[in-house]
Amino acid sequence: MAFSEPSAVIEALATTGYLADEAIGSVVYLAEKLEKPIMIEGPAGTGKTELAKAYATATGSRLIRLQCYEGLDETKALYEWNYKKQLLRIQADQGATHWEDVEENIFAEDFLLTRPLLEAIRSNEPTVLLVDEVDRIEIETEALLLEVLSDFQVSIPELGTVLATRRPTVFLTSNATRELSEALKRRCLYLYLDYPDIEREKQIVMTRVPEVPDILSDQIVRIVRSVRSLDLKKAPSIS
């Protein structure tokens, strides 16, 4: 789905219940036109993940999510081989005279287990790839994302290079717990999502819970905003 202008993005997201402002509409519109990923940074609970979900719903795209965590490696992000199935094949091929014949058989498509990054690259349908909380992975692991975000391809030594037949729309989210590498950031368009102003937050409440009286939603929003001004370890999120 191609948007003609930023306002069309805002309107499409609104149909899913996501209230976007001009900054969100402009960045999403440019990302679509330039075919670049979006890096969304901001406090936890400000709608970063929900933006990717709303975009997928609004455009009728398949959502593929890679939840980042400390210790994430390529076997969970890109692909791995089905070792049990390979072992069964080796046992079945015990009569083979050459190891090369067995090796060619076990490193084939049938034994490949795809993970979110490779799954998004290989998808033939409109796809949204959500790389959630990318700041939780180690700096070294960011290299796993660079090939995907630069050329939208994945290299598998045993099978060769897999090129994207249809580029996915990529959203990366970060709670800004650490500084991301320049190599990763310069491949993306940047969007910062902070807590909204009081009127927009009230609109969000009314959209999600329309039966709430106007005066009650106003009181809720004002109380939550006053709590956010306190010295808390975790400020109340929009969600």
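**Strands, helices and surface**

Analyst: Let's start in the sheet: strand 1 and strand 9 run parallel and are joined by 4 bridges. This is a predicted model, where local features need pLDDT of at least 70, side-chain atom pairs count only at pLDDT 80 or more, and totals for chains, interfaces and linings use all residues. Residues are numbered from 1 along each chain as its sequence is written, and side-chain values use heavy atoms, with hydrogens and water left out.

User: Why are strand 1 and strand 9 called a pair?

Analyst: Two strands pair if DSSP finds at least two bridges between them. Strand 1 and strand 9 have 4 bridges, so they count as paired. Within this pair, Ile40 stands opposite Leu191 in strand 9. The strands themselves are DSSP runs of E with at least two residues, while helices are runs of H or I with at least four residues, both numbered from the N terminus. The protein has 11 helices and 9 strands.

User: What makes strand 2 and strand 9 the edges of the sheet?

Analyst: The open sheet holds 5 strands with parallel pairing, in the order 2-5-8-1-9. Strand 2 (62-67) and strand 9 (189-192) each have a single partner strand, so one side of each has no neighbour in the sheet.

User: Which residues of strand 9 are on the covered face, and which are on the uncovered one?

Analyst: Leu189 and Leu191 form the covered face, whereas Tyr190 and Tyr192 form the uncovered one. In a regular strand, side chains alternate between the two faces of the sheet.

User: Which strands does helix 3 touch?

Analyst: Contact means heavy atoms within 4.5 Å. Helix 3 (residues 48-59) packs on the sheet and touches strand 1, strand 2, strand 5, strand 8 and strand 9.

User: Why is Leu216 called partly exposed?

Analyst: Buried means under 20% relative accessible area, exposed means over 50%, and partly exposed is in between, using a 1.4 Å probe and protein chains only. Leu216 has 38% relative accessibility, so it counts as partly exposed. This residue lies in helix 11 (residues 214-228). Across the protein, buried residues make up 40% of the 239 residues.

User: What makes up the nonpolar surface patch that includes Leu216?

Analyst: Ile215, Leu216 and Ile220 make this patch of about 260 Å². Nonpolar side chains (Val, Leu, Ile, Met, Phe, Trp, Tyr) are joined within 5 Å, and like charges within 9 Å. At 38%, Leu216 is over the 30% cut-off.

Methods:
Accessible areas come from the Shrake-Rupley method with a 1.4 Å probe; for residues, only the protein chains shown count as cover. A salt bridge is a side-chain nitrogen of Lys or Arg within 4 Å of a carboxyl oxygen of Asp or Glu. Axes are lines fitted to C-alpha atoms, for helices over the stretch in contact, and angles run from 0 to 180 degrees between N-to-C directions.
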